[in-house]
Amino acid sequence: MGISPRFVRRTSPLVAGVCALMMAGTPAALAEPEGDSGVQLERLDRGLVAVDTQEGVFLSWRLLASEVGGQHTDSGLRGPQFRVYRDGKVIGMVRDSTNFLDEEGGADSEYRVVPVPRGRPGVGPEGEATVWAEGHHDLPLQKPEGGTTPTGEEYGYTANDVSVGDVDGDGQYEFVVKWDPTNSKDVSQRGYTGPTYIDTYTRGGELLHRIDLGVNIRSGAHYTQFVVYDLDGDGRSEIMLKTAPGTRTLTFGDGGVTEDHITMPEEDVAAGYGHGDDYRMSAEDYHEHLVETFLGWHEHPEVVAGNWPATLEEAFGEEPRHDYPLNREDAEALADFFIDEYAPSRSGRNELREFEGFVVSGPEYLTVFDGRTGAELDTVRYEPGRGDDGLMWGDYAMSRIEPGNRVDRFLSGVAYLDGQRPSAVFARGYYTRGAVAAYDFDGEELSQRWIADSGHVPMDNPFNASPHGGDGTDPGLGTLAGQGFHSLSAADVDGDGRQEIVYGAATLDDDGSLLYSSYAEGPPGSDIEGEMTKLGHGDAMHVGDLDPERDGLEIWTVHEGSTYAPYGFAMRDAATGEVLFGGYTGVDTGRGMVGDIDPDVPGLEAWSSMPPGDDVEAGLWSADGDFLGDRTPGTNMSIRWSADMTTQTIEGTEGPRIEDWRRGTLLTAEGTLTNNGTKGNPALVADVFGDWREELVLRTEDSGALRILTSTEVTDHKLYTLMHDPQYRVEVARQQTSYNQPAYPSFHLGADTDWARVEAPDAVYPD
């Protein structure tokens, strides 16, 4: 039986023991930054856009962080004035914003914006733009050809996640597009998939190159997390992602298509691995894989150590009847028993005779590509490796037997771990073992900065155990296990000028040690009543200055542990992990969001959604824990669209809408689709150009183009581009990871923003 969340507010007495778990990991020695001080940011152009509206032509452009002088007004930050030109003639001067409505303009007009600091033009980049005559910009795409799986299933392609980066150093963002085959799969779903492609396009629609990940990278939301960022500080963004034998770059020219495979390590080539390898398993391959696993059972380290049963029969709850080491006939008989009798007895959904299409063997790499040319710059091994098909990760332990599931959950992001230079962050696992690795790139080579690994969660029987919620074997990082989410964030949670990795219900310090792992006491009515228990895994996480009345940042999370989780939703102090308020729901609370939807309530509001049931509420909360009612906005994605700095939500999958909590529907994007089924994710929401507000990027119904929409509400708020806030910029870089989540700046952004507290970053920009 659940407890109404409005009555649940448990604080430090129940969680202090957890937040004290600030155990040191074992990071490698870290190099100190060299050269100019300040955080490395992009040198962006003016980002001017012009949109035809019923009222005239709306203009919007960037204020750069380097142009903010530290003073503010009641509605924003002080910076240069801007002189606006139409067709070569001055039509206005703008002082207190970075937008302008030209009531006399038309679709054929051409515009220029010139900064005028202290009345003197010519300082800072100018901006030029023609008009979006249709009210939006369509960036044409080149859809890959479909194919056929080994079982004869035909598939095509749809555009999916998008990221942006300045790959050629001209100050404009290019668009990096992930192509999803129509048979892409969740890691728990059986079947083959087509390969994933990663395209890079200019804003005008020129395809610069295509990365074909090949057959040995399965397609789906959990497999390919791609980082687009200027990692080496040369002013051009790289692309970094997980690769495998068969991964290649395709470039297109007058002479046809040129392909270049990634460079495999010499030891792999010597061992016989090649780019023609295909590690996808058929059902027959999986049976043989089980036989080989069973033949080596007596040699498995956990069996040798006495941690697992000495015989497979005992692991299956049967009387021993075979001699060990097993011979092939006995191993085949046990494999048949496992597939046809034991697995179905655990769950009717265990149909292992149909297990196919998974990749559970073969080399795994991490490659950084030149963003402009697609050329491979360096390739290293992906760490940690899978080790096995998920046996040690708990994939055989639960009632649902899902080889290749927990072992193949990947995350990625970017973080300023030294406070100045960006590091790429890649992770594996989160339900049981969790491992996060940070990498630096110097323009030629990747080097691992540190790896934080919980170690596997011990089990006494890998075929019948409950590893979720357990601790890993690492003495300093063991409680990281089971705390990961479907995304991660980078933010300076402790105020030391360096970003930490918020890994769901735990946070890693900038040096890779464990800052904290959040626990709470199980409430009455739960299956963990009175026990100090991890907050555990969840689907949605939001990190930012949600409550401006508190010092520091906050974290809003929802949790899926049902009756085994102390909270279904929780607001935490980002520096300590302490739960500030929350509610036990007793169900998998799958969605959650934050935003300033009601400007009359201080701070951002937070809400969650969950299935209906007795004593279970979908709740709307103030940032400091006041219950505001049962009715909530959508949870698919938020966007900063309105002139008054409130937050809107994006809802619907076909012709998605921008909804305002008070005003209703602001825009319906006819002819477009969101991604990932009911999750309804846009391709991207980010401050790509124009003023500080975010653009909405969607795929058209035929995936023939990306449709880019920007707000045309005239605002009197003046703020530098959010892409010059280090936290927001790295949040955009990780937005496409697994379950897409919005990006948040390091300062409080809402209708009640205190402009005296919004500072421009101390930054350096590439020449």
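Analyst: Let's start with a charge on a ring: Arg-693 sits over the face of Trp-692, 5.6 Å from the ring centre (the test is NZ of Lys or CZ of Arg within 6 Å of the centre and within 35 degrees of the ring normal). Bear in mind that this is a predicted model, where local features need pLDDT of at least 70 and side-chain atom pairs count only at pLDDT 80 or more, while totals for chains, interfaces and linings use all residues. Numbering runs from 1 along each chain as its sequence is written, and side-chain values use heavy atoms, with hydrogens and water left out.

Trp-692 also turns up among the contacts (heavy atoms within 4.5 Å) of Leu-719. Beyond four places in sequence, Leu-719 touches Leu-63, Leu-77, Met-645, Trp-692, Phe-747, Leu-749, Trp-755 and Val-758. With Met-240, Leu-719 touches the most other members of the largest nonpolar core, which has 99 residues. A core here is a set of buried Ala, Val, Leu, Ile, Met, Phe, Trp, Tyr and Cys joined through side-chain atoms within 4.5 Å; buried is under 20% relative accessible area, exposed over 50%, partly exposed in between (1.4 Å probe, protein chains only). Strand β24 (residues 435–441) supplies the largest share of that core, 5 residues. Strands (E, at least two residues) and helices (H or I, at least four) are DSSP runs numbered from the N terminus. Apart from this core lies another of 35 residues, including Leu-326, Phe-337, Phe-355 and Met-392.

Phe-337 leads us back to the rings, as a member of one aromatic cluster with Phe-294, Trp-297, Trp-308, Phe-316, Phe-338, Tyr-342, Tyr-396 and Phe-463. The model has 29 aromatic pairs (Phe, Tyr or six-membered Trp ring centres within 6.5 Å; planes under 30 degrees apart are stacked, over 60 edge-to-face, the rest tilted). Phe-294 and Phe-316 make a tilted one, at 6.2 Å and 55 degrees. Phe-294 is in helix α3 (residues 283–295) and Phe-316 in the loop between α5 (312–315) and α6 (328–346), so the pair ties together parts 22 residues apart in sequence. Both of these Phe residues are buried.

Compare Tyr-382 and Phe-426: the centres are 6.4 Å apart and the planes at 85 degrees, so this pair is edge-to-face. Tyr-382 comes from the loop between β21 (376–381) and β22 (410–415), and Phe-426 from strand β23 (residues 423–428), so parts 44 residues apart in sequence are tied together. Tyr-382 and Phe-426 are buried too. Tyr-382 also has a charge over its face: Lys-242, at 5.8 Å from the ring centre.

With 5 of its 5 residues buried, β33 (residues 554–558) is largely enclosed by the rest of the structure. Its antiparallel partners (pairing takes at least two DSSP bridges) are β32 (residues 541–544), through 4 bridges, and β34 (residues 569–573), through 5. Gly-544 stands opposite Glu-554, and Val-558 has Phe-569 as its bridge partner in β34.

Zooming out, the protein has 7 helices and 48 strands, and 63% of its 767 residues are buried.
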